[in-house]
Amino acid sequence: MKETVESIWQEQAITLLAEAQGFMKPLEQHLVRPSRFDNTLLFNLVVMSFEKLFVALLAHYEVEALHHTPLALFKEARGMDKGLTDEMRETARLIASHESICSLDDKGYTTPSNDELIWIIKGLIEMKRYIEYKINT
């Protein structure tokens, strides 16, 4: 059976979503009990999860992401999916405030405080649930 372009995009979306879900497991557990991982490692999981989630959502719409920074991914996805909320955009902004690696003048990565990390994880879980729903329906 020949695969269609649509089925290839959907397969990509499902694969990327599964990768994001795997990265998010330690983050979700961190809300239940403090992780043995430090905030730097947890934030790296946040960044990978966010990127995978939004590239998956874009693949669902048969679009290849043009940029992979948090705010660029969010803006591109929101152009196609108006269900992405202002609260989700704020989570993307907070992630981006700790990840400035695309300019030589920027500070690189900084580690969020415990409170910021908890806020980011909760926002990321909301995004994950929304994107799971979009891809799986």
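## Overall fold

Within the chain, 63% of the contacts with a separation of 6 or more are made by residues 24 or more positions apart. The model is a predicted one. The chain holds 5 helices and 2 strands, and along the sequence these follow the pattern α-α-α-α-β-β-α. The radius of gyration is 15 Å, close to the 14 Å that the globule rule gives for 137 residues, so the chain is as compact as a globular protein of that length.

The C-alpha trace spans about 50 × 35 × 25 Å along its principal axes. As for burial, 39% of the 137 residues count as buried.

## Helices α3 and α4

Helix α3 covers residues 70–80 and helix α4 covers residues 86–97; their axes come within 8 Å and cross at roughly 160°. Since angles over 145 degrees count as roughly antiparallel, this crossing makes α3 roughly antiparallel to α4.

On the α3 side, the contact is made by P70, L71, F74 and R78. The α4 side supplies D86, M88, R89, A92, R93, I95 and A96. Sorted by class, the residues of this contact are 7 nonpolar and 4 charged, with no polar ones.

## Helices α4 and α5

Helix α5 is formed by residues 114–136, and its axis comes within 9 Å of that of α4, with a crossing at roughly 130°. The two helices are therefore oblique to each other. The crossing in which α4 passes α5 is left-handed.

From α4, the residues M88, E90, T91, A92, L94 and I95 take part in this contact. They meet E116, W119, I120, G123, L124, E126, M127 and Y130 of α5. This contact has 9 nonpolar, 2 polar and 3 charged residues.

## A59 in helix α2

A59 belongs to helix α2, which runs over residues 39–60. A59 counts as buried because its relative accessibility is 2%, and the cut-off for buried is under 20%.

Leaving aside residues up to four places away in sequence, A59 touches W9, Q12 and A13. The C-alpha atoms of A59 and Q10 are separated by 6.7 Å, although the two residues are 49 residues apart along the chain.

Notes
Residues numbered from 1 in each chain as written. Predicted model: local features only at pLDDT ≥ 70, side-chain atom pairs only at ≥ 80, totals over all residues. Heavy atoms only, no water. Axes fitted to C-alpha atoms, helices over the stretch in contact; angles between N-to-C directions. Helix = DSSP H or I, 4+ residues; strand = E, 2+ residues; numbered from the N terminus. Parallel < 35°, antiparallel > 145°, perpendicular 65-115°, else oblique. Contact = heavy atoms within 4.5 Å. Nonpolar A, V, L, I, M, F, W, Y, C, P; charged D, E, K, R; others polar. Left-handed = near helix turned anticlockwise from the far one by under 90°. Rg over C-alpha atoms; globule rule 2.2 N^0.38 Å. Buried < 20%, exposed > 50% of the residue type's maximum accessible area, 1.4 Å probe, protein only.
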